[in-house]
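Here are some notes on the model you sent.

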Amino acid sequence: MYENWKIQVGKFLTAQTISLFGSALVQYAMVWYLTLDTGSGKVLTLSTICGFLPQVLISLLAGTWLDRYDRKKLMMVSDGVIAVATGILGIGFFMGKATTAGVIVVLAIRSMGSGIQTPAVQAVMPQLVPKEALIQVNGIQSTSSAITNFLAPAASGAVLGIFGMEATLFLDVITAVIGISITATVMIPELKGKTEVSSWMQMAEGIVYIRKNQDVRYLLFFEFATLFFVTPAAFLTPLLVSRSFGAEVWRLTCSEMTYSLGMILGGLLLALWKGYPRHAKATLLTGTWFGCLVFGLGLAPTFGIYLVCNTLLGTASPCYNAPITAFLQRRVPQEYHGRVFGFLQIAVSMAFPLGMLFFGPLADVMEIRLLLFLGGSGVLGVMAYSFFRKQLNF
């Protein structure tokens, strides 16, 4: 099953990195376009909801599709749909007819594609990688993604500033085509244990599995609660930067690049660290670290100190996420991976829109710093509850 697995994983990660690079260019360009063109917390709230809510809707079925059909083909189709929608928006910008509403609609379409793509990548990985190497490979994947996200803001700013929005969007189409072509050459072992029951029955089986496994069930609630309180740090920092330090594009670029630089360092730590500690302990420690650093973002008196805190915040991210992903990849049977990671995607996709519904409107009447204090306090509260109640057992 795992013969020549390193070659296949190398091709798979290369395809994902190329595709992610194009997607990151567009994501940053869209957020900056909405931030600088409107400067409204309500618009960012709407864009966040449209960027995540469709993932919830599609993930209800995506998990069953991933356990029922060819996961590689589903990834390729979702990438293709995203590329087509992005290309149409690019034509709109080229013809001078693009609008804020059009950008938000494409964000929603891209969200639906991500609702399939993200759990698919997580579910495919155990088919390619032996269990004992999952932590290291997840660390390598995190590092690769972080390097891409580190370079993407600068590249996006350069392409956006020199060639305009339409060139940025068309570049994503090109990277998607390259990524799909490489993915087509990856040899993924056939999934065993596929069922012939209906999709709805298969979904019900996934729900029953989660209900019977307390560790998996609580982990989903834990992830939802944590990300709900992370929302201000994840989505409102562009407004913090523009309002407190200046509205220049280079400041937004530096903010994104320093977070990605931290993720590179955290991913390298995971890839090189053979003696990984108990997963739950690592997640709780890095989650606490994350919550404290959110306070740092709000307290930063200068842009330089803000960037230092942002870098450290990025370092915590892969160290928090990798143990959760590896636990699910190891503990859950492969024939349930699509559904479990689909429900994990639902938890993530619901947390951010609900968080923005709460924090987003407040951004127009309160200082972003105060919202960061609220969010950081919430993250620390979730970590403390899970530690003292000993709810995380993995």
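1. The structure holds zero disulfides, a disulfide being a pair of cysteine sulfur atoms within 2.5 Å. The sulfur of Cys309 lies 11 Å from the closest cysteine sulfur, in Cys292, which is too far for a bond. Cys319 is in no disulfide either; for this residue the nearest cysteine sulfur, that of Cys292, is 15 Å away. Cys309 is buried, at a relative accessible area of 13%, and Cys319 is buried at 7%. Buried means under 20% relative accessible area, exposed over 50%, and partly exposed in between (1.4 Å probe, protein chains only).

2. On the source: this is a predicted model, in which local features need pLDDT of at least 70 and side-chain atom pairs count only at pLDDT 80 or more, while totals for chains, interfaces and linings use all residues. Residues are numbered from 1 along each chain as its sequence is written, and side-chain values use heavy atoms, with hydrogens and water left out.

3. The largest nonpolar core has 69 residues, and Met30, Phe222, Leu236, Tyr306, Leu328, Val340 and Ile368 touch the most other members. Helix 12 (residues 303-331) gives the largest share of this core, ten residues. A second, separate core of 19 residues includes Phe12, Leu74, Ala120 and Ala133. A nonpolar core here is a set of buried Ala, Val, Leu, Ile, Met, Phe, Trp, Tyr and Cys residues joined through side-chain atoms within 4.5 Å. Helices are DSSP runs (H or I, at least four residues), numbered from the N terminus.

4. Helix 9 (residues 237-244) is largely enclosed by the rest of the structure, because six of its eight residues are buried. These are Thr237, Pro238, Leu239, Leu240, Val241 and Ser242. Tyr306 touches Thr237, Leu240 and Val241, and also Phe245, Ser255, Leu297 and Ala300, not counting residues up to four places away in sequence. Contact means heavy atoms within 4.5 Å. Just after helix 9, Gly246 takes a positive phi of about 140°.

5. Which residues make the nonpolar surface patch of about 320 Å²? They are Val77, Val81, Val105 and Ile109. Helix 3 (71-94) and helix 4 are the elements that give two or more residues to the patch. Ile109, in helix 4, counts as partly exposed at 31% relative accessibility.

6. Gln117 is also placed in helix 4 (residues 100-128), but is buried, with a relative accessible area of 10%. Leaving aside neighbours within four places in sequence, Gln117 is in contact with Gln16, Met75, Ser78 and Asp79.

Definitions and conventions. Patch = residues over 30% accessible without salt bridge, like charges linked within 9 Å, V, L, I, M, F, W, Y side chains within 5 Å. Areas by Shrake-Rupley, 256 points an atom, 1.4 Å probe, with all protein chains shown as cover. Salt bridge = Lys/Arg side-chain N within 4 Å of Asp/Glu carboxyl O.
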